[in-house]
Amino acid sequence: MAIKERTQASLREQLRDALALYEPGRSDRREAKPAAVLLLLYERDDGIHLLFQERSHQVEHHKGQISFPGGARDDGDDGAAFTALRETHEEVGVAPEDVDLLGEIDEIWTISDFRVRPFVGWLRKWPYPFRFAPREVASLLEVPFDHLTDAATLVDDVREVDGRRVVLPSYRWGEHLIWGATARILTNFLDVYRTLDADS
């Protein structure tokens, strides 16, 4: 079913229900540093979009890569969801009260030794005055969800991991390549999204 058709059928509530039934996997790297990110969906006049950011070259990890808003857990954070919302506010200016949290998907481990818990949220209003932090974020990418679900967007990302050649999923958006941990998180979310077709 096309995304535009789902808009009228309340994609937000369908995703909320699907994520409520989903049991997120957990990383076995318990010694890794805890972190959280937010997959932020919102409906513009031209359809549903998902927010990504291009990381600056001033950050410590993953310079210049495409990521979801998020980061490491602070000692004072009240849980992983709090971390995701706090970091999203700091990086792209979205206030926590403007996000409707829908659920959580699989925790992943990154090569920079983070255990990342991804949360899915829906922006309560549009237009929104995004304000990104230049020290951490070079630019924002508002990617149409229809584009991400198009099979032509998915490309092979061939890399060497522990001396082995592996083919990983990645996604093309204009001149940008969404790869690595972000692509793995996105693939997991799209798998959950596709269960909506199976249930319809």
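## Aromatic pairs

In this predicted model, the count of aromatic pairs comes to 7. One of them joins Y42 and W126, whose rings are stacked. Their centres lie 5.1 Å apart, and the angle between the planes is 20°. This angle counts as stacked because the planes are under 30 degrees apart.

The pair of Y42 and W126 links distant parts of the chain, as the two residues are 84 residues apart. Y42 belongs to strand 1 (residues 33-44). W126 is in the loop between strand 7 (114-123) and strand 8 (137-144).

## The surroundings of the pair

Are Y42 and W126 buried or exposed, or something in between? Y42 has a relative accessibility of 0%, so Y42 counts as buried. W126 has a relative accessible area of 29% and is therefore partly exposed. The cut-off for buried is under 20%, and exposed begins over 50%, which means that a value in between is called partly exposed.

## Charges over rings

The charged end of R29 sits over the ring of W109, at 3.8 Å from the ring centre. K33 lies over the face of F114, where the distance to the ring centre is 4.7 Å.

## Backbone features

Most peptide bonds are trans, and most residues other than glycine have a negative phi. Two places in this model can be read against that background.

Which peptide bond is cis, with omega near 0°? The bond from W126 to P127 is cis. P127 is found in the loop between strand 7 and strand 8, and W126 is in that loop as well.

D113 has a positive phi, near 70°, although D113 is not a glycine. This residue lies in the loop between strand 6 (108-109) and strand 7. D113 is partly exposed because its relative accessibility is 27%.

## E87 in helix 3

E87 is placed in helix 3 (residues 80-92). With a relative accessibility of 8%, E87 falls under the 20% cut-off and so counts as buried.

What does the side chain of E87 make a polar contact with? The partner is the side chain of R86, at 3.2 Å. Leaving aside neighbours within four places in sequence, E87 is in contact with G70, G71, A72 and E136.

Methods
Residues numbered from 1 in each chain as written. Predicted model: local features only at pLDDT ≥ 70, side-chain atom pairs only at ≥ 80, totals over all residues. Heavy atoms only, no water. Phe/Tyr/Trp six-rings, centres within 6.5 Å; stacked < 30°, edge-to-face > 60°. Helix = DSSP H or I, 4+ residues; strand = E, 2+ residues; numbered from the N terminus. Buried < 20%, exposed > 50% of the residue type's maximum accessible area, 1.4 Å probe, protein only. Lys NZ or Arg CZ within 6 Å of the ring centre and 35° of its normal. Polar contact = N/O pair within 3.5 Å; in protein donor to acceptor, adjacent residues only side chain to side chain. Contact = heavy atoms within 4.5 Å.
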